[in-house]
Amino acid sequence: MSAACLIVVDVQNDFMPGGTLAVPRGDEVVPVINRIAAQFEWIVATQDWHPRAHASFASSHPGRKPFETTRLPYGEQVLWPDHCVQGTAGAALHRDLAIPRAQLIVRKGYRPGVDSYSAFLEADRSTSTGLAAWLRELGIGRLWFCGLATDFCVGWSALDARAAGFEASVIEDACRAIDLDGSLERAWRELRAAGVARARSDRAAP
Ligand code: VGL
Ligand code: ZN
């Protein structure tokens with residue numbers, strides 16, 4: 001049987017209560033993830049990692065406000081408050097996140113004009129982060145997803161994982177959602193349709 005890997009998505013200060021793009025109760029995932037991570041041999045973390053004035057920031061579009069949408073060359077884009085700017089304290093992983101054995105950190109969204117919710121494919125839907133090939137090279141076939149936010153970076157990553165041929169589960173109580181205009185319900189519907197399992201942390205084990 002193929003190996004399993006825990007994918008810890010965007011557990012960063014700007015997504016925590018008090019951060020610039022706070023996910024409600026986002027900090028509650030930290031102790032849950034720490035508990036799960038102790039059981040996994042393979043762990044990957046992701047970090048949203050935007051340059052200043054990134055195209056996904058409302059502040060880069062005069063007259064536009066956070067949480068509105070706009071069209072970029074690759075399609076529809078939600079405009080966010082400035083968040084996870086490269087090298088800032090807001091972009092750092094939460095200080096209590098305890099995943100010392102994580103082997104790889106994937107940074108995404110670092111091209112000025114392209115967002116990337118997914119850990120696998122950027123929002124242009126064609127530029128690869130290289131993660132799928134890295135996992136395959138190591139014989140990893142089963143992925144468990146946790147972190148922030150369920151309906152954006154976690155959900156998109158799990159969908160792309162399935163599309164790339166991995167088994168994928170989202171650990172519901174190790175995630176929290178932004179829930180913008182029904183995005184959480186939509187995400188769960190798409191995840192189920194794609195064959196992504198919905199799991200609880202007490203059952204999450206490699
Ligand atoms: C995320 C919105 C913008 C996420 C990242 O981590 O879910 N959401 N950038
Ligand atoms: Zn972002």
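His50 is buried, and so is His83, where buried means under 20% relative accessible area, exposed over 50% and partly exposed in between, with a 1.4 Å probe and protein chains only. This is a predicted model, in which local features need pLDDT of at least 70, side-chain atom pairs count only at pLDDT 80 or more, and totals for chains, interfaces and linings use all residues. Residues are numbered from 1 along each chain as its sequence is written, chains are lettered from A and ligands numbered from 1 in the order in which they are written, and side-chain values use heavy atoms, with hydrogens and water left out. Helices (H or I, at least four residues) and strands (E, at least two) are DSSP runs, numbered from the N terminus. Here is a tour by topic.

**Aromatic pairs**

- The structure holds eight aromatic pairs. Rings of Phe, Tyr and Trp (its six-membered ring) pair if their centres lie within 6.5 Å, and planes under 30 degrees apart count as stacked, over 60 as edge-to-face and the rest as tilted.
- Trp80 and Phe152 make an edge-to-face pair, because their ring centres are 5.0 Å apart and their planes stand at 90°.
- That pair links distant parts of the chain, 72 residues apart: Trp80 is in the loop between strand S4 (75–78) and strand S5 (104–108), while Phe152 is in helix H3 (residues 150–163). Both Trp80 and Phe152 are buried.
- Tyr117 and Trp156 also form an edge-to-face pair, with 4.9 Å centre to centre and 85° between the planes.
- Tyr117 belongs to the loop between S5 and helix H2 (131–137) and Trp156 to helix H3, so the pair ties together parts 39 residues apart in sequence.
- Tyr117 counts as buried at 10% relative accessibility, whereas Trp156 is partly exposed at 31%.
- Ring pairs join Phe67, Trp80, Tyr117, Phe152 and Trp156 into a cluster.

**Helix H3**

- Is H3 largely enclosed or open? Ten of its 14 residues are buried, so H3 is largely enclosed by the rest of the structure.
- Among the buried residues of H3 are Phe152, Cys153, Val154 and Ala158.
- The cover over the buried residues of H3 includes strand S1 (3–9), S5, strand S6 (140–148), strand S7 (167–176) and helix H4 (183–194), with contact meaning heavy atoms within 4.5 Å.
- After H3 comes Gly165, with a positive phi near 95°.

**Salt bridges and charges over rings**

- The structure holds nine salt bridges, each a side-chain nitrogen of Lys or Arg within 4 Å of a carboxyl oxygen of Asp or Glu.
- Glu28 forms a salt bridge with Arg176, whose closest N and O atoms are 2.7 Å apart. Glu28 is in the loop between S1 and helix H1 (29–37) and Arg176 in strand S7, so the pair ties together parts 148 residues apart in sequence.
- Glu28 also bridges to Arg25, at 3.3 Å between the closest N and O atoms. Arg25 counts as exposed at 51% relative accessibility, Glu28 is partly exposed at 32%, and Arg176 is buried at 16%.
- Arg198 pairs with Glu172 in a salt bridge, the closest N and O atoms being 2.9 Å apart.
- Asp10, Asp48 and Lys108 are linked in a network of salt bridges.
- Arg198 lies over the face of Trp188, 3.9 Å from the ring centre, and Arg107 lies over the face of Trp49 at 3.7 Å. A charge sits over a ring if NZ of Lys or CZ of Arg is within 6 Å of the ring centre and within 35 degrees of the ring normal.
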